[in-house]
Amino acid sequence: MTGVVDEAQVARLIRKYGPIQREHHVLQVSAASEQWWRDMRAKGRQSEVILALRRPEGQVLLHTKPFYPPGTYRLTSGGVKPNEKIVKAARREGYEELGLEIRIERFLGVITYAFQHDDAAIAFASYVFLVNGDGEPHPTDPDERISGYREV
C-alpha cells in the first residue's frame, strides 16, 4: 500500500539484516472500527513495530492487559511516531512495554493492511522484528497497562 511503508528505511534495514517477508491483508471491519483507524491516522499513526522477544530458552515473550479477553496474550507492539525512525520506535517500545534495552537480531518483514468498510479503506503497516534483551520484563510506561507476561 502506497504511503504507509517507509521504503527507504525498509531498504536500509534489508541491507543490514537481510531479506524479509512481505504480506498484505484486506480486513473487513465495522463502521466503528473503521472510524477508530481513521482517528488513529488523523493522530499521525500509520504504522507500528511488532517485537518478537526471544528469551534465552528459545521461547518468545507475550503480554496481556486487563481489558483483553481472559487468557489473551500478544506480541509487544507500538506505534511509530510521525518522522520517527523505525529502529528507534522498536527500541522505544521495547523499553516502554518490556523495560529492556533490546537488541535487534533480525528484521523479519512488513505486513500491510487495508481496514475495509463499505467503499472506505484505511491503510496501515507493521514492521516485524526478532529481538532479544536481558532481564525480567516490566513495563516502564504506566499508560501501557500491561498486567502480565508469558513465554511460549
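Three helices and seven strands make up the secondary structure of this chain. The model you are looking at is predicted, so treat it as a computed picture while you explore.

**The chain as a whole**

Let us begin with overall size. The radius of gyration is 16 Å, close to the 15 Å that the globule rule gives for 152 residues, so the chain is as compact as a globular protein of that length. Along its principal axes, the C-alpha trace spans about 45 × 40 × 25 Å. Of the 152 residues, 46% are buried. The accessible surface comes to about 8400 Å², and carbon and sulfur atoms account for 52% of that surface.

How does the chain fold back on itself? Take the contacts between residues at least 6 apart in sequence: 74% of them join residues at least 24 apart.

Now find strand E6, which covers residues 120–132. Is E6 largely enclosed or largely open? Eleven of its 13 residues are buried, so the rest of the structure largely encloses this strand.

E6 pairs with strand E2 (residues 47–54) through seven bridges, and these two strands run parallel. Within that pairing, Leu-53 stands opposite Val-131 of E6. E6 also pairs with strand E5 (residues 103–117), this time through 13 bridges and in an antiparallel arrangement. Here Val-110 is the residue that stands opposite Tyr-127 of E6.

E5 has a further pairing, with strand E1 (residues 21–28): eight bridges join them, and the two run parallel. In this pairing Arg-22 stands opposite Val-110 of E5.

Most residues other than glycine have a negative phi. Asn-83 is found in the loop between strand E4 (76–79) and helix H3. With a relative accessibility of 82%, Asn-83 counts as exposed. Asp-118, at 59%, counts as exposed as well.

Val-10 is in helix H1 (residues 7–17). Is Val-10 buried or exposed? Its relative accessible area is 1%, so Val-10 is buried. Leaving out residues up to four places away in sequence, Val-10 touches Val-5, Ile-20, Arg-22, Phe-107, Val-110 and Tyr-127. Val-10 and Val-110 are 100 residues apart along the chain, and their C-alpha atoms are separated by 8.5 Å.

Tyr-95 lies in helix H3 (residues 86–98). Its relative accessible area is 41%, so Tyr-95 is partly exposed. Beyond its neighbours within four places in sequence, Tyr-95 is in contact with Leu-100, Glu-101 and Thr-140. Tyr-95 and Gln-21 are 74 residues apart in sequence, and 26 Å separates them in space, C-alpha to C-alpha.

| Residue | Relative accessible area | State |
|---|---|---|
| Val-10 | 1% | buried |
| Tyr-95 | 41% | partly exposed |
| Asp-118 | 59% | exposed |
| Asn-83 | 82% | exposed |

Terms used. Residues are numbered from 1 along each chain as its sequence is written. This is a predicted model: local features need pLDDT of at least 70, side-chain atom pairs count only at pLDDT 80 or more; totals for chains, interfaces and linings use all residues. Side-chain values use heavy atoms; hydrogens and water are left out. Buried means under 20% relative accessible area, exposed over 50%, partly exposed in between (1.4 Å probe, protein chains only). Helices (H or I, at least four residues) and strands (E, at least two) are DSSP runs, numbered from the N terminus. Two strands pair if DSSP finds at least two bridges between them. The radius of gyration is taken over C-alpha atoms; the globule rule is 2.2 Å times the number of residues to the power 0.38. Contact means heavy atoms within 4.5 Å. Accessible areas come from the Shrake-Rupley method with a 1.4 Å probe; for residues, only the protein chains shown count as cover.
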